[in-house]
Amino acid sequence: MQANGGIKVNREYKDRLFRMIFGAEENKHYLLSLYNAINHTSYTKKKI
């Protein structure tokens, strides 16, 4: 039995979307927010 019910997933598209949202320099706050949500942390952006 397949976990996705036999539906084919275009992983390249999903990867591009993830990198577009979380990889751009102006969207780094989204990546930090995602990291905090997944890991139950509360890191903040710290400028050096």
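These are my notebook entries on a predicted model.

**Ground rules**

I number residues from 1 along each chain as its sequence is written. The model is predicted, so I take local features only at pLDDT of at least 70 and side-chain atom pairs only at pLDDT 80 or more, while totals for chains, interfaces and linings use all residues, and side-chain values use heavy atoms, with hydrogens and water left out.

**Entry 1: overall make-up**

I looked up the secondary structure first. The protein has 2 helices and 0 strands. Both kinds of element are DSSP runs, numbered from the N terminus: helices are H or I with at least four residues, strands are E with at least two.

Then I looked up burial. Of the 48 residues, 6% count as buried. Buried means under 20% relative accessible area, exposed means over 50%, and partly exposed lies in between, with a 1.4 Å probe and protein chains only. The protein exposes about 4900 Å², and carbon and sulfur atoms supply 58% of that area. Areas come from the Shrake-Rupley method with a 1.4 Å probe; for residues, only the protein chains shown count as cover.

**Entry 2: the nonpolar patch**

Which residues make the nonpolar surface patch? I list Tyr13, Leu17, Met20, Ile21 and Tyr30, with about 500 Å² in the patch. Patch residues need over 30% relative accessible area and no salt bridge; nonpolar side chains (Val, Leu, Ile, Met, Phe, Trp, Tyr) are joined within 5 Å, and like charges within 9 Å. A salt bridge is a side-chain nitrogen of Lys or Arg within 4 Å of a carboxyl oxygen of Asp or Glu.

Helix 1 (residues 11-23) gives the largest share of the patch, 4 residues. Leu17 is found in helix 1. Leu17 counts as partly exposed because its relative accessibility is 35%.

**Entry 3: aromatic pairs**

I describe a pair of aromatic rings by the distance of the centres and the angle of the planes. Rings of Phe, Tyr and Trp (its six-membered ring) pair if their centres lie within 6.5 Å; planes under 30 degrees apart count as stacked, over 60 as edge-to-face and the rest as tilted. My count by this rule is 2 aromatic pairs.

Phe18 and Phe22 form a tilted pair, 4.8 Å centre to centre with 45° between the planes. Phe18 and Phe22 are 4 residues apart in helix 1, so about one helical turn separates them. Phe18 is partly exposed at 42% relative accessibility. Phe22 is buried, with a relative accessible area of 16%.

Tyr35 and Tyr43 also form a tilted pair: 6.0 Å between centres, 40° between planes. Tyr35 counts as partly exposed, at 42% relative accessibility.

**Entry 4: Phe22 and its contacts**

What does Phe22 contact beyond its neighbours within four places in sequence? I find Lys28, Tyr30, Leu31 and Leu34. Contact means heavy atoms within 4.5 Å. Phe22 and Leu34 are 12 residues apart in sequence, and their C-alpha atoms are 8.9 Å apart in space.

**Entry 5: helix 2**

I checked the span of helix 2. Its 12 residues should span 16 Å at 1.5 Å a residue, and the end C-alpha atoms are 17 Å apart, which agrees. The expected span is 1.5 Å times one less than the number of residues.

Leu32 lies in helix 2 and is partly exposed, with a relative accessible area of 26%. Not counting residues up to four places away in sequence, Leu32 touches Tyr43, Thr44 and Lys45.

Is Asn36 buried or exposed? Asn36 is buried, because its relative accessible area is 12%. Asn36 is found in helix 2 (residues 28-39). Leaving aside neighbours within four places in sequence, Asn36 is in contact with Thr41, Ser42 and Tyr43.

**Entry 6: after helix 2**

I ended at His40, in the segment after helix 2. His40 takes a positive phi of about 55° just after the helix, although His40 is not a glycine. His40 is exposed, with a relative accessible area of 74%.
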